[in-house]
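Colleague: I have a few terms to check with you. Bring up the model and let us go through them.

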Amino acid sequence: MTNESWGHIREELISSVGKNNYTNWIEPLEFSDLEDGVATFYVPTQFMGNWVSRNFGDKILNQLQKAGQDVARIEFSVPSTRRVRVEDAPKKTQAAAQPSRNDADLPGAPLDARFTFDTFVVGKPNELAHAAARRVAEGGTVTFNPLFLYGGVGLGKTHLMHAIAWELQKRSPGLRVVYLSAEQFMYRFVQALREKDMIAFKQLFRAVDVLMVDDVQFIAGKDATQEEFFHTFNALVDQNKQIIVSSDRAPNEIPGIEDRIVSRLQSGLVVDLHPTNYELRLGILQQKVEQYSNQFRDLEIQDGVLEFLAHRISTNVRVLEGALMRLFAFGALVGREITLELTQDCLADVLRASDRKITVEEIQRKVSDHYNIRLSDLIGPKRVRTFARPRQIAMFLSKQLTSRSLPEIGRRFGGRDHTTVMHGVRRIEELRAQDSQIAEDLELLRRSLEA
Ligand code: ADP
Ligand code: MG
């Protein structure tokens, strides 16, 4: 293979990795040589080698093989340093959840080493959940059983559960702490049924000291699994063993779960993780920068970048984290300070996606709150200035912050015509330039909607 033929082969990757990834990660790879089934590429930095191998290694290898190259492995080499082998790529740090005793027999899933209390940032939206988790992690007398944690995706439920498990094991190494997802519970259960090994299954789960079942909503509608979960649950509660359960919603809001299970789940302490606020998001970003500062030692982040991200990405922490990691990777690749401009470039798609989230209804609510008028008056037919101006502002923001068309916006404002919306939007555009109070209101509203 030559660098030129690699040039053709790599183009086939555009469709599977996407144009952006292709430009950022694949194009800069320079083919070096192919020997004994090992294809080597030059990369500018070791970080980039690791990144590419972790994220695109398999795809590149497949593509080479498809193109008829006799390749069994790929390696990345930074000119004049040691080679980075695909196998060297840092893997997600994981460690076994099980304590020293009966290791092999316990049915749990591995714990993520990054999910500890140390790395969990506490803010208003999660302080109750955090406090409850801390309490359970102290061990000792069981005060509430189960602890039921719920909240939207990416808000830290799994993180907290792992943190409890780590802490419990640190305090009492002999404790049999089992963490698993409801899906894994079902899988184990079905397997036991198939292998006609229910007795062993029951013994296994009844022998644990602390049982954590993540994403319990998964067993909704799966009757036999629910039944078994219920029995396991009761058996453990009877023995005064701590149970911790998580779900994406409150117990009574999970459709397809039996009433008796709902009431069991509600019988302990039910706490929810609220959607993040700006301060929490900023705190998490700062903590992540700290956490990764070793790995990205030379990286500089311009003032205001983290604030910008905390502001703009409000969907969930996982997305926020992903954005930051991508930014780091990009910064390391281009080898310069991460500026606001670079951030906007690098994260254009994420930023767009999180913008789309704002709805006309939210805007209407915010605006009517802001001007202290009723929602029905904002949307309704009255044309007095006290209602008409806020209405136009809400229309303007709907046009700016959502992807709705003028007719769609009109429909949401009491079935108004799109020309009325257009007129309103134009009017506010004019006023914004003349009236500093309106300009300020708009800025304030926009910020609070995007927060
Ligand atoms: P869930 O299980 O609620 O969907 P996770 O626990 O998997 O969410 O969290 C998603 C990601 O966000 C994880 O990487 C987690 O470490 C991170 N995360 C969530 N909340 C926090 C927090 N308060 N502090 C630090 N990291 C957080
Ligand atoms: Mg989770």
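Colleague: Among contacts between residues at least 6 apart in sequence, what percentage join residues at least 24 apart?

Modeller: The figure is 70%. Contact means heavy atoms within 4.5 Å. Before we go on: this is a predicted model, where local features need pLDDT of at least 70, side-chain atom pairs count only at pLDDT 80 or more, and totals for chains, interfaces and linings use all residues. Residues are numbered from 1 along each chain as its sequence is written, chains are lettered from A and ligands numbered from 1 in the order in which they are written, and side-chain values use heavy atoms, with hydrogens and water left out.

Colleague: Why is D209 called buried?

Modeller: Buried means under 20% relative accessible area, exposed over 50%, partly exposed in between (1.4 Å probe, protein chains only). D209 has 14%, so it is buried. It sits in the loop between α8 (198-206) and β9 (210-214). Helices (H or I, at least four residues) and strands (E, at least two) are DSSP runs, numbered from the N terminus.

Colleague: Which residues does D209 touch, not counting those up to four places away in sequence?

Modeller: G174, L175, R176, K241 and Q242.

Colleague: What makes strand β3 largely enclosed by the rest of the structure?

Modeller: Four of its five residues (73-77) are buried, so the strand is largely enclosed.

Colleague: What makes the approach of H159 to ligand 1 a polar contact?

Modeller: A polar contact is a pair of N or O atoms within 3.5 Å; within protein, one must be able to donate a hydrogen and the other to accept it, and residues adjacent in sequence count only if both atoms are side-chain atoms. A polar side-chain atom of H159 lies 2.6 Å from an oxygen atom of ligand 1. That is within the limit, so the term applies. A polar backbone atom of G154 is 2.7 Å from a ligand 1 oxygen, and one of L155 is 3.2 Å from a ligand 1 oxygen.

Colleague: How much of ligand 1 does the protein bury?

Modeller: Taken alone, ligand 1 exposes 560 Å², and the protein buries 95% of that. Accessible areas come from the Shrake-Rupley method with a 1.4 Å probe; for residues, only the protein chains shown count as cover.
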